[in-house]
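Me: I am new to this structure and would like to know what stands behind the words used for it. Please show the chain first, and then I will ask about the terms one at a time.

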Amino acid sequence: MTQQIARTEKQLGAILRRARKKAGLTQSDLGKNIHLRQGTVSRLEGGAPAIQLHTVMEALAALDLELVIRPRSKASAADIEDIF
């Protein structure tokens, strides 16, 4: 998977959804892997606010992804949103 930018919860959720589907997992499968209900995975992928950071980190690990912190690019939020 190539590097992707997420500046909002919704963008992060879309990245996780694509990674889950690429891995051939259902929301229920991913939920079982990280001990969460399917509904919680759905909320995470939908960009619901108030998802715990621990939940995000567990989902990233289960999908063999990692969080990288870097200086923010100069692209506008609208430019990034167009990617999705």
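This is a predicted model: local features need pLDDT of at least 70, side-chain atom pairs count only at pLDDT 80 or more; totals for chains, interfaces and linings use all residues.

Me: What makes the contact of Glu45 with Arg17 a salt bridge?

Reply: The closest N and O atoms of Glu45 and Arg17 are 3.9 Å apart. The term asks for a side-chain nitrogen of Lys or Arg within 4 Å of a carboxyl oxygen of Asp or Glu. The value of 3.9 Å is within 4 Å, so the pair qualifies. In general, side chains of opposite charge can pair when their charged atoms come close.

Me: Which parts of the chain does the pair of Glu45 and Arg17 tie together?

Reply: Glu45 belongs to helix 3, residues 38-45, and Arg17 to helix 1, so the parts joined are 28 residues apart in sequence. The structure holds 2 salt bridges, and Arg17, Arg20 and Glu45 are linked in a network of them.

Me: How do you know whether Glu45 and Arg20 are buried or exposed?

Reply: Buried means under 20% relative accessible area. Glu45 has 3% relative accessibility, so Glu45 counts as buried. Arg20 has 6%, so Arg20 counts as buried too.

Me: Why is Arg17 called partly exposed?

Reply: Arg17 has a relative accessible area of 29%. Partly exposed covers the range between the buried limit of 20% and the exposed limit of 50%. The value for Arg17 falls in that range, so the label is partly exposed.

Me: What label does Asp29 get, and where is Asp29 found?

Reply: Asp29 is found in helix 2, residues 27-33. Its relative accessible area is 30%, so Asp29 is partly exposed. The C-alpha atoms of Asp29 and Val41 are separated by 9.7 Å, and these residues are 12 apart along the chain.

Me: Why is Ile69 called exposed?

Reply: Exposed means over 50% relative accessible area. Ile69 has 71%, so Ile69 is exposed. Ile69 sits in the loop between helix 4 (53-62) and helix 5 (77-83).

Me: What makes Ile69 part of a nonpolar patch?

Reply: A patch takes residues with over 30% relative accessible area, and Ile69 has 71%, so Ile69 passes that cut-off. Leu53, Met57, Leu67 and Ile69 form the patch on the surface, with about 450 Å² of accessible area together.

Me: Which residues and helices line the largest pocket?

Reply: The largest pocket is lined by 30 residues, and Gln4, Ala6, Glu66, Leu67 and Val68 lie nearest its centre. Helix 1 (9-22) and helix 4 each supply at least two lining residues, with the largest share, 4 residues, coming from helix 1. About 880 Å³ of space lies in this pocket.

Me: What is the pattern of the chain as a whole?

Reply: Along the sequence the pattern is α-α-α-α-α, since the chain has 5 helices and 0 strands. Buried residues make up 27% of the 84 residues. The chain exposes about 5,900 Å², of which carbon and sulfur atoms supply 53%.

Key:
Residues are numbered from 1 along each chain as its sequence is written. Side-chain values use heavy atoms; hydrogens and water are left out. Buried means under 20% relative accessible area, exposed over 50%, partly exposed in between (1.4 Å probe, protein chains only). Patches are made of residues with over 30% relative accessible area and no salt bridge: like charges are joined within 9 Å, nonpolar side chains (Val, Leu, Ile, Met, Phe, Trp, Tyr) within 5 Å. Accessible areas come from the Shrake-Rupley method with a 1.4 Å probe; for residues, only the protein chains shown count as cover. On a 1 Å grid over the protein atoms alone, a cavity is a set of points where a 1.4 Å probe fits but cannot get out, and a pocket is an open set with protein on both sides within 12 Å along at least five of seven lines; lining residues have an atom within 4 Å of a point. Grid points are joined across faces, edges and corners, and a volume is the space filled by probe spheres set on the points.
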